[in-house]
Amino acid sequence: MESCAPIRVRYKLPESVLVVIHTGALDVLLMRRADVEADFWQSVTGSKNTPDEPLAVTAAREVGEETGIDAQAPGCALTDWRIENRYDIYPRWRARYAPGVTRNTEHVFGLRVPAGTPVRLNPREHTHLVWLPWREAADRCFSPTNAEACLLLPRFAAVGAA
């Protein structure tokens, strides 16, 4: 017997995190997106699952989903940089959001990991990874807010190490 219940579409929430994963030497992990043709390199990003999900929980969850890294593991330090970026959602991805949603608020975090931390990419999201010095990472990022976060890394990494 078929159900007459309406199908509920789960839209992405327009509040997300950007997590710059880096070593103490300020090498940054970048990943190439799987769902675009161009060389679209980025840090970990992702939306909150629910409006009340704490941002640090979102950040740790997304890091785990995209890289296999446990943000709470010994030697790791997740830091909220208390930076918010507001930007227009690229038209190619607007269908993922509720009708009429065109802007996103992104919260920036850093995650210091030990050098040599193994990375296991989620193949649905990313195809390649590279560790680059912070300035080179900024040059490789597709997103202007991601590039800016890489350039801010020396300032925030010093705070996170204290």
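## Before we start

Strands here are DSSP runs of at least two residues, numbered from the N terminus. Keep in mind that this is a predicted model.

Most residues other than glycine have a negative phi. You'll find L26 in the loop between β1 (15-22) and β2 (27-33). Is L26 buried or exposed? With a relative accessible area of 16%, L26 is buried.

R82 isn't a glycine either, yet its phi is positive, at about 55°. R82 sits in strand β5 (residues 77-88), and at 71% relative accessibility R82 counts as exposed.

## Rings that meet

The model has five aromatic pairs. One of them joins Y90 and W93 edge-to-face, 5.9 Å centre to centre with 70° between the planes. Y90 is partly exposed at 36% relative accessibility, whereas W93 is buried at 11%.

Y90 also pairs with F142, this time tilted: 5.8 Å centre to centre, 55° between the planes. Y90 lies in the loop between β5 and β6 (103-112) and F142 in the loop between α2 (134-140) and α3 (144-161), so this pair ties together parts that are 52 residues apart in sequence. F142 counts as partly exposed, at 38% relative accessibility. Ring pairs link F40, Y90, W93 and F142 into a cluster.

## Charges over rings

Conventions. Residues are numbered from 1 along each chain as its sequence is written. This is a predicted model: local features need pLDDT of at least 70, side-chain atom pairs count only at pLDDT 80 or more; totals for chains, interfaces and linings use all residues. Side-chain values use heavy atoms; hydrogens and water are left out. Helices (H or I, at least four residues) and strands (E, at least two) are DSSP runs, numbered from the N terminus. Buried means under 20% relative accessible area, exposed over 50%, partly exposed in between (1.4 Å probe, protein chains only). Rings of Phe, Tyr and Trp (its six-membered ring) pair if their centres lie within 6.5 Å; planes under 30 degrees apart count as stacked, over 60 as edge-to-face and the rest as tilted.
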